[in-house]
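Colleague: I have not looked at this one before. Can you walk me through it?
Modeller: Here it is.

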Amino acid sequence: MPVHATVAYDIANARGRKLAHRLLEQHGEAVNFSVFEVEVADEAALDALLAQLEHFIEPTHDSVRATCIDPRRSGRWRGVRTSRLAVE
């Protein structure tokens, strides 16, 4: 069953931002420059997408967040917790 999610990133490095943006464009639509609504095949595919995004971040100050927006999965949070400001 497809999974719909909102993915947001805060990446300081311009190259990392550009690569993250291009990757997310392949899976969904930008609703802001660093916020996307994506559709992937299943939860494993969402985890794989987040793992790919990890390659573009600096763990000490960048972050990536994903929230499932499928009503049956509302409230389930996934993400790469990398920022001291990140909240789980």
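Colleague: Is H21 buried or exposed?
Modeller: H21 is buried, with a relative accessible area of 13%. Buried means under 20% relative accessible area, exposed over 50%, and partly exposed in between, using a 1.4 Å probe and protein chains only.

Colleague: Where is H21 found?
Modeller: In helix α1. Helices here are DSSP runs of H or I with at least four residues, strands are runs of E with at least two, and both are numbered from the N terminus.

Colleague: What should I know about the model itself before going on?
Modeller: This is a predicted model, in which local features need pLDDT of at least 70 and side-chain atom pairs count only at pLDDT 80 or more, while totals for chains, interfaces and linings use all residues. Residues are numbered from 1 along each chain as its sequence is written, and side-chain values use heavy atoms, with hydrogens and water left out.

Colleague: Back to α1. Which residues in α1 are buried?
Modeller: G16, A20, H21, L23 and L24. They cover an arc of only 165 degrees around the axis, so they sit on the same side of α1. The arc is that of the directions from the helix axis to the C-beta atoms.

Colleague: And what span should α1 have?
Modeller: Its twelve residues, 14-25, should span 16 Å at 1.5 Å a residue, and the end C-alpha atoms are 16 Å apart, which agrees. The expected span is 1.5 Å times one less than the number of residues.

Colleague: How far apart are H21 and F36?
Modeller: They are 15 residues apart in sequence and 8.7 Å apart in space, C-alpha to C-alpha. F36 is in β3, where it is the bridge partner of A30.

Colleague: How do β2 and β3 pair?
Modeller: Strand β2 (residues 28-32) and strand β3 (residues 35-40) pair in the antiparallel sense over four bridges. Two strands pair if DSSP finds at least two bridges between them. β2 and β3 form a hairpin with two residues between them.

Colleague: What about β1?
Modeller: Six bridges join β1 to β3, running antiparallel, and V3 stands opposite V40 in β3. β1 is also joined to β4 by six bridges, again antiparallel, with C68 in β4 as the bridge partner of A5.

Colleague: Which face of β1 is covered?
Modeller: The one with V3, A5, V7 and Y9; H4, T6, A8 and D10 are on the uncovered face.

Colleague: Now the other helix. Which residues in α2 are buried?
Modeller: E43, L46, L49, L50 and L53. Their arc around the axis is only 115 degrees, which puts them on the same side of α2.

Colleague: What caps the N-terminal end of α2?
Modeller: D42 does, with a side-chain oxygen 3.2 Å from the backbone nitrogen of A44.

Colleague: Where is D62?
Modeller: In the loop between α2 and β4. D62 is buried yet has no salt bridge, and the nearest side chain of opposite charge, R17, is 7.3 Å away. A salt bridge needs a side-chain nitrogen of Lys or Arg within 4 Å of a carboxyl oxygen of Asp or Glu.

Colleague: Which backbone nitrogen lies 2.8 Å from a polar atom of the D62 side chain?
Modeller: That of E58. The backbone nitrogen of A12 lies 2.9 Å from a polar atom of the D62 side chain.

Colleague: What pattern does the whole chain follow?
Modeller: Along the sequence, β-α-β-β-α-β-β. Buried residues make up 36% of the 88 residues.

Technical notes:
A polar contact is a pair of N or O atoms within 3.5 Å; within protein, one must be able to donate a hydrogen and the other to accept it, and residues adjacent in sequence count only if both atoms are side-chain atoms. Lys and Arg count as positive and Asp and Glu as negative; His and the chain ends are not counted.
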